[in-house]
Amino acid sequence: MVSVRERVEAEPYWFHRIDLGNGVVTAGWSDPQREKLPYFGLADDLTGLRVLDIGCAEGFFSFEAERRGAAEVVSIDFDPECIKRFGICADVLGSKVTHPQVGGVYDLDPATMGTFDLVMFFGLLYHLRHPLLAIEKVAAMTSGTLLMHSWTMEMRGHPDVPLARFRPDGVLSGPPNARIHDPTVYWEPNAACMKDMLSHVGMVNIERLEDSMKATTRETMIRWLRPRAHAFWNSSAGFRAQALVQAPGIAP
Ligand SMILES: C[S@@+](CC[C@H](N)C(=O)[O-])C[C@H]1O[C@@H](n2cnc3c(N)ncnc32)[C@H](O)[C@@H]1O
């Protein structure tokens, strides 16, 4: 019989580092427990909620929503390999409420998937060629709260002007010690742009979340220096926003 460790190690690539218990941890280069979860605005108690995780990768946030009491978590990613690895994790963790499925953000439709009390839209905006269309689709799925987080680009002297940098040739990405060219980064919005796009599609009570880059003294120092040393610099920003008409999430 194939052990959990063998199943996990047989996969050539992992994005999320996920602790599967009994000493098995997926070899992802993104450690969401440490780098993301404290800053992405997830409430401690999600009891009974219907949750949507868009661009779920291997499901770290879906499993966290389940752990916090969500009644149902629908998780979509357009990459079938991600959904396969999600399935391995769900199996090992004994997940009862996550439903991973292959799906693209532009195909989101409340008529087929219902609506959600909580929508998590993390780390995907900048990978999209049509970000405003995507946010419109995401907003249509949200009957309660939307959490959105993105890689950003800021410009010296213009923090309040909504701007986005087009990246026709992609960017360097991946772990710091093994950078690779990622052609799937198209847009780097600034935080003001993210906020205005949320407002443009009808979301209300838009709040900026605590910035993950403020996590350490070193990062605070970098943030202080960047606007002085550079015209443009990359950062990240997260927002919590509400649907105008609050209603319980309903399955189709
Ligand atoms: C940077 S990862 C973010 C994963 C996770 N949400 C997080 O924040 O840790 C982006 C994910 O979005 C997926 N993705 C990219 N474009 C997509 C699209 N058009 N529709 C759905 N998923 C997409 C990728 O396959 C990848 O798993």
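Which residue in strand 4 is the bridge partner of Val51? In this predicted model, the bridge partner of Val51 in strand 4 is Leu118.

## Overall form

The chain contains 8 helices and 11 strands. Its radius of gyration is 18 Å, close to the 18 Å that the globule rule gives for 252 residues, so the chain is as compact as a globular protein of that length. The C-alpha trace spans about 60 × 45 × 35 Å along its principal axes.

Of the 252 residues, 39% count as buried. Among contacts with a separation of 6 or more, 69% are between residues 24 or more positions apart.

## Strand 1 and its partners

Strand 1 runs parallel to strand 4 and is joined to it by 4 bridges. Strand 1 also runs parallel to strand 2 (residues 72-77), and 5 bridges join these two. Here Leu52 has Val74 of strand 2 as its bridge partner. Together with helix 3 (residues 60-67), strands 1 and 2 form a right-handed β-α-β unit.

In a regular strand, side chains alternate between the two faces of the sheet. Both faces of strand 1 are covered, with Arg50, Leu52 and Ile54 buried on one side and Val51 and Asp53 buried on the other.

## Helix 6

Helix 6 comprises residues 131-141, and its buried residues include Pro131, Ile135 and Met141. The buried residues of this helix pack against several elements, among them strand 1 (50-54), strand 4 (116-122) and helix 7 (191-200).

## Surroundings of the ligand

There are 18 residues around the ligand, of which Gly55, Ala57, Asp79, Phe122 and Gly123 come nearest. By class, this shell has 10 nonpolar, 5 polar and 3 charged residues.

Key
Residues numbered from 1 in each chain as written. Predicted model: local features only at pLDDT ≥ 70, side-chain atom pairs only at ≥ 80, totals over all residues. Near = placed C-beta within 6 Å. Nonpolar A, V, L, I, M, F, W, Y, C, P; charged D, E, K, R; others polar. Buried ≥ 20, exposed ≤ 12 C-beta atoms within 10 Å, placed from the backbone. Contact = placed C-beta atoms within 7 Å. Rg over C-alpha atoms; globule rule 2.2 N^0.38 Å. Pairing = 2+ DSSP bridges. Right-handed = clockwise from strand over helix to strand, strands pointing away.
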